[in-house]
Amino acid sequence: MKLVVIGFGQCGCRIADEFARLNRRARGQRGIEIITGAFAVNTDAADLSGLTCIKPDYQHRILIGGRKTGGHGVGKINELGAEIAREDGDKVIDAIRTAKRFFETDAFLLIAGSAGGTGSGALPVMTQFIKERYSDKPVYNLIVLPFAHEETTEERTIYNSATCLKSANSVTDAIFLVDNQRYVRKDFSLRNNLAKINALIVEPFYNLLCAGEEKKAKHIGAKMLDAGDIIQTLVGWTVIGYGKSQLPLFRFPFGISRNFRKKSTETHKGIQAMDEAISELSLKCSPMDSGRALYLITAPAREVNMDLVKELGDYLKDIASEAIIRNGDYPRERGSLDITVILSELNDVEKVRKYYTKSASFIHETKKRREEVASKLKGIEEASRDIPSLL
Ligand SMILES: Nc1nc2c(ncn2[C@@H]2O[C@H](COP(=O)(O)OP(=O)(O)OP(=O)(O)O)[C@@H](O)[C@H]2O)c(=O)[nH]1
Ligand SMILES: [Mg+2]
């Protein structure tokens, strides 16, 4: 599957940059292209120049709202991010058109952090623009939810997230939800290592996007997973996960290893990798809530057999019993068995629901506070009534 990837704001741009890096890897290791264009859009000029893989010209690193912000960002006001996107959105549309291999694109992926100003505001507006302009291609979002500490220290975090999620959900075909906090669970030092988190966020897309683009017979599985399968799977709230099991590199000759025990080891390794993919999903959710799911097995061809495919299918059906499940296998590198899982069409996402409820009370409280401030200001003004002015 080939994507046009567009990042908005600091978070979105850096992750789009990571997708551009993924494409270099696909080209270098596998001789295929998975990204037909990678763009970074920001109100902050310094952030744009800090990227490494996205082409450095103004057609790929696009500064918007220069006149309004002086190139210094919108300071968390996502209404301003949205307004600027409405005014300068044409710049982005024009740039997309110039992408050399645009005609090969299967879908768009627009990326942003929900808690900031630029990305949070621009993402839904641009999703709407692009959908109107290219009605024949699906437009997906990848939205990064804030760290827990940001939610407690900055009220605007939750409000921005709620407005971004609600607006995006009303226009996009599907939203990949990614919770920053999930990536610091095991390794707290990651909180300060955004580059590492970004690499972990895009990793599950590598095999997923490559599988359908393979041309060499030896890398085409018994059941190839292509853009059509992915597009059929992606609807509404979506999460993605990835798990890996190491396989022994060395094999006994003469087929000694092809015995009963060996087969069950493969299945065991497969289940282990799928277990990891499910517990490492990009956001905590209940698989039972998903209406569509997908799994991709990437492993050496000789490791993938009907038993394994069936066992993994049964496993996923057990935990996501309401979902229509699609699957594929991708004969690839030696030494590991990788599983990519997507759960889509989720009918409930606790975290999103919480943002909505918390932000409804935030709106109420802000209104109350604003009224209090206004009445205090009125008091001080009245007290100054008899004081002469020097102006
Ligand atoms: N995973 C990840 N999250 C990030 C990164 N940069 C920022 N974030 C998160 O994204 C959220 C929004 O921040 P930014 O992307 O900096 O905001 P912005 O869109 O540039 O908006 P303004 O700076 O307010 O104009 C915050 O919750 C951050 O924790 C990043 O590189 N990776
Ligand atoms: Mg910024």
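Which residue has a backbone N or O atom 3.1 Å from an oxygen atom of ligand 1? I found that this residue is Val74.

**Entry 1: basis.** I worked from a predicted model, in which local features need pLDDT of at least 70, side-chain atom pairs count only at pLDDT 80 or more, and totals for chains, interfaces and linings use all residues. Residues are numbered from 1 along each chain as its sequence is written, chains are lettered from A and ligands numbered from 1 in the order in which they are written, and side-chain values use heavy atoms, with hydrogens and water left out.

**Entry 2: ligand 1.** I looked up further polar contacts (pairs of N or O atoms within 3.5 Å). A polar backbone atom of Lys76 is 2.7 Å from an oxygen atom of the ligand. For Glu150, I noted a polar side-chain atom 2.9 Å from a ligand oxygen. On its own, ligand 1 has 640 Å² of accessible area (Shrake-Rupley method, 1.4 Å probe), of which the protein covers 89%.

I then listed the surroundings: 23 residues surround ligand 1, each with a heavy atom within 4 Å of the ligand. Thr118 and Asn180 are among the closest.

**Entry 3: Ser290.** I located Ser290 in the loop between helix 11 (260–279) and strand 8 (292–299); helices are DSSP runs (H or I) of at least four residues and strands (E) of at least two, numbered from the N terminus. Is Ser290 buried or exposed? Ser290 is buried, because its relative accessible area is 1% and buried means under 20% with a 1.4 Å probe, protein chains only. Its side chain reaches the backbone oxygen of Pro287 at 3.0 Å.

Conventions
Buried < 20%, exposed > 50% of the residue type's maximum accessible area, 1.4 Å probe, protein only. Polar contact = N/O pair within 3.5 Å; in protein donor to acceptor, adjacent residues only side chain to side chain.
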